[in-house]
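Take a moment to look over the whole chain before turning to its parts. Then follow the text from the overall fold to single residues.

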Amino acid sequence: MPEGTDDPALSATEELALARLALDEGDLHHAAGHLAGALARAPTLPEVHETLARLAAASRGGLDLFPINHHTFVGAVVARAHLLATAGRPAEGLELLAAATAYSPGTQWAGVPWVTAPELVERLDPDHIARVLMQVCAALSDPVPRVGRSALTPYLTLARNAVTVHPEHGLLLGAASALARRLGEVALAVRWATRGVRAQPSKMGEVWLGYAYRSAGRTREGLAALGRAVELDPDDLAIYADIAGTLADIGRLDEALEWTERALARDPSFDCAVHTAHRLRHLRDGDLAHLVALADFVRDHPDDSHEHGDLAQCCRARPWLGQLTPAGGPLVDAMRQAVADDDNGLGSAVRLPAAAPPSAVRTATSTAPGLRIEVVGGALEPDPREPRRASVQRLWRYADDLPTPALPAPSATAVERIGQVAHPAWPHPPAAYDAAVGLAGLDVTDLLGLLVHPPAAPANAVGRLLAAHDPSVWVRGVQVWACLGLLHHRTDEPWEGSTRRRVLLDLIWGVEDWVTEAALFALVTAAWVDPSVRSDVARVVAERLADAAAVARTRPVPIAASLAHLALAAPDLDPATAALAGELLGPLSPQVPRPRNPLRRLWQLLRGARTR
């Protein structure tokens with residue numbers, strides 16, 4: 001359903017005025033278009049419905065003015081629903097309102113008298129009402145956030161009316177329970193589901209009852225109901241996965257895994273069981289291989305029965321699996337303090353034993369121009385201003401300890417595109433790879449330019465949060481997504497000799513910088529999405545981490561902890577490198593910043609901002 005009419009800036013009042021004017025002039029089609037726009041903006045406004053009734057009277061019911069096709073505007077769908085109800089076809093009207101709710105669950109499409117009238121349910125088949133309620137439930141989260149529940153209460157009223165008239169209809173009671181559960185009416189959900197199972201015992205009835213008990217915190221009774229559902233239909237493997245998930249939630253992990261194994265013994269490729277099994281195995285032993293295997297399964301089975309969140313759940317808030325690590329080092333800490341004090345760093349100084357990563361210096365000097373940066377002591381080797389290996393493309397020039405970009409600024413197109421995708425968090429590495437596909441058309445020059453000329457954070461909720469807490473997160477995010485864009489460059493080239501691999505390796509072995517982390521994450525992501533490159537990527541990760549560990553024995557390496565986290569996110573990493581990563585992240589490494597996340601609250605705020 002398209003989101004707007006020809007002029008999306010018009011308000012409901014303006015649309016209504018234009019509809020009335022067109023109706024007065026006999027221009028019914030234009031009147032219908034403006035009424036659809038008014039309904040989309042104010043679906044419960046009485047004046048809109050009065051004008052719709054006038055239009056219906058002038059056009060033999062008005063249904064022909066609101067035809068349904070594959071791209072019908074949502075306002076037209078809702079208008080047709082009301083006209084169908086007026087024409088004595090409320091069952092069809094309810095289906096269209098449910099479709100509108102599925103399109104935009106936060107809008108009160110059904111908040112009109114004919115939907116909540118008690119007499120409506122006497123005219124409808126209870127099976128049909130149940131199907132409408134299930135159609136609505138399929139579009140809702142479980143539970144619906146409190147802020148979104150008021151728009152859906154008309155359907156709950158419909159459900160109440162229906163179960164009053166049809167008190168022994170099992171399917172209706174179960175569907176009504178599912179809706180009540182999602183809207184936070186847990187006690188009512190249990191009561192309705194219990195009545196449904198008592199009236200008409202069935203597998204679905206027991207499932208609805210199990211879910212209701214589970215939402216009410218009555219887990220033992222919920223498991224019993226789900227167990228009865230399995231007895232009624234041993235071939236419904238989705239219930240096995242639900243039981244496994246419920247058992248895992250209460251800490252009975254071994255029993256949970258037994259249920260997933262039972263399901264997989266019946267069908268090794270059943271998606272719900274595979275997803276749950278890999279998630280629970282990872283929960284049990286923390287082995288990344290389970291998550292990589294799950295990503296492989298998702299890639300090889302694109303037609304799963306429904307969308308699953310197991311991989312994202314396991315990666316959420318995990319360093320590099322689901323989000324950036326915060327930048328480390330005293331310079332970044334001083335910059336954060338200057339941002340918190342809102343004083344531009346005036347009068348403050350930070351003393352460094354060695355040159356900081358160039359991206360950190362550039363970000364700190366632009367964010368806190370009053371902050372004085374001093375490199376004290378003798379020159380430490382190896383020089384952090386020099387690439388770790390011979391580099392084809394230098395990103396930075398140095399004047400003493402101050403870096404400046406060695407590359408031209410990116411094009412306006414590149415700036416626009418990176419602003420559309422860059423974010424410091426992602427569901428999991430394959431999802432990050434997919435999200436970066438929009439950068440595939442950018443030139444390598446543009447993508448490299450973004451690394452050293454990151455644009456300002458966008459003027460939206462995410463950008464404002466980052467500016468107020470830690471501007472380095474946005475810069476690091478831009479660099480990560482630019483490197484993911486490089487990963488999409490000329491994907492037709494075989495990996496070993498490809499431009500994308502060569503450029504990323506050049507960045508990985510360049511000057512110690514945030515860019516090093518971003519480029520290594522791109523390589524790790526490549527290993528997640530393409531099993532054929534895993535051995536190569538694991539070797540590069542091992543070599544880069546070993547180099548960082550060696551350097552950390554002679555001087556601080558601010559990116560070392562992040563590189564260790566990256567190594568632990570890499571598929572097929574050898575045990576020795578995994579152990580080295582653990583050592584770098586351990587308490588006995590004074591030269592490596594202890595991994596901590598001073599931005600925990602920021603990540604929580606960012607997740608909220610992203611959903612607005």
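This is a predicted model: local features need pLDDT of at least 70, side-chain atom pairs count only at pLDDT 80 or more; totals for chains, interfaces and linings use all residues.

Residues are numbered from 1 along each chain as its sequence is written, and side-chain values use heavy atoms, with hydrogens and water left out.

Start with the whole. The protein has 30 helices and four strands. Helices (H or I, at least four residues) and strands (E, at least two) are DSSP runs, numbered from the N terminus. The C-alpha trace spans about 90 × 65 × 50 Å along its principal axes. Of the 612 residues, 53% are buried. Buried means under 20% relative accessible area, exposed means over 50%, and partly exposed lies in between (1.4 Å probe, protein chains only). Contact means heavy atoms within 4.5 Å. Among contacts with a separation of 6 or more, 68% join residues 24 or more positions apart.

Now the record. In the model, residues 203–236 are 79% helix and 0% strand, and their end C-alpha atoms lie 9 Å apart. Residues 237–270 are 79% helix and 0% strand, with end C-alpha atoms 8 Å apart.

Next, look inside. A nonpolar core is a set of buried Ala, Val, Leu, Ile, Met, Phe, Trp, Tyr and Cys residues joined through side-chain atoms within 4.5 Å. The largest one has 98 residues, and Trp481 and Leu507 have the most contacts inside it. Helix H26 (residues 514–529) gives the most to this core, with twelve residues. Apart from this core lies another, of 75 residues, with Ala19, Leu94, Leu152 and Ala159 among them.

What does Leu507 contact, leaving aside its neighbours within four places in sequence? The list is Leu395, Leu448, Leu451, Cys483, Leu486, Val515, Thr516 and Ala519.

Helix H19 (residues 358–367) shows how elements pack. Its buried residues are Pro358, Ser359, Ala360, Val361, Thr363 and Ala364. They pack against helices H18 (330–341), H24 (471–487) and H26, and against strands E2 (372–375), E3 (396–399) and E4 (402–405).

Lining residues have an atom within 4 Å of a point. Grid points are joined across faces, edges and corners, and a volume is the space filled by probe spheres set on the points. There are two cavities of 30 Å³ or more. The largest cavity has a volume of about 40 Å³. Its lining is Ala355, Ala356, Pro357, Pro384, Glu512, Arg555, Pro556 and Pro558.

The largest pocket has a volume of about 1,700 Å³. Its lining has 48 residues, and the closest to its centre are Cys272, His306, Glu307, His308 and Gly309. Helix H13 (residues 237–249) gives the most to this lining, with seven residues.

How many disulfides does the structure hold? It holds zero. A disulfide is a covalent bond between the sulfur atoms of two cysteines. Here the cut-off is a pair of cysteine sulfur atoms within 2.5 Å. The sulfur of Cys137 is too far for a bond, because the closest cysteine sulfur, in Cys272, is 18 Å away. Cys137 is buried, at 6% relative accessible area, and Cys272 is buried at 9%.

His278 is in helix H15 (residues 271–285). Is His278 buried or exposed? It counts as buried because its relative accessible area is 12%. Beyond residues up to four places away in sequence, His278 touches His290, Ala293 and Leu294.

Ala538 is in helix H27 (residues 534–552) and is buried, at 7%. Leaving aside neighbours within four places in sequence, Ala538 contacts Pro571, Asp572 and Leu573.

Ala576 is in helix H29 (residues 575–584). Its relative accessibility is 55%, so Ala576 counts as exposed. Ala576 and Trp481 are 95 residues apart in sequence, and their C-alpha atoms are 30 Å apart in space.

Notes:
On a 1 Å grid over the protein atoms alone, a cavity is a set of points where a 1.4 Å probe fits but cannot get out, and a pocket is an open set with protein on both sides within 12 Å along at least five of seven lines; lining residues have an atom within 4 Å of a point.
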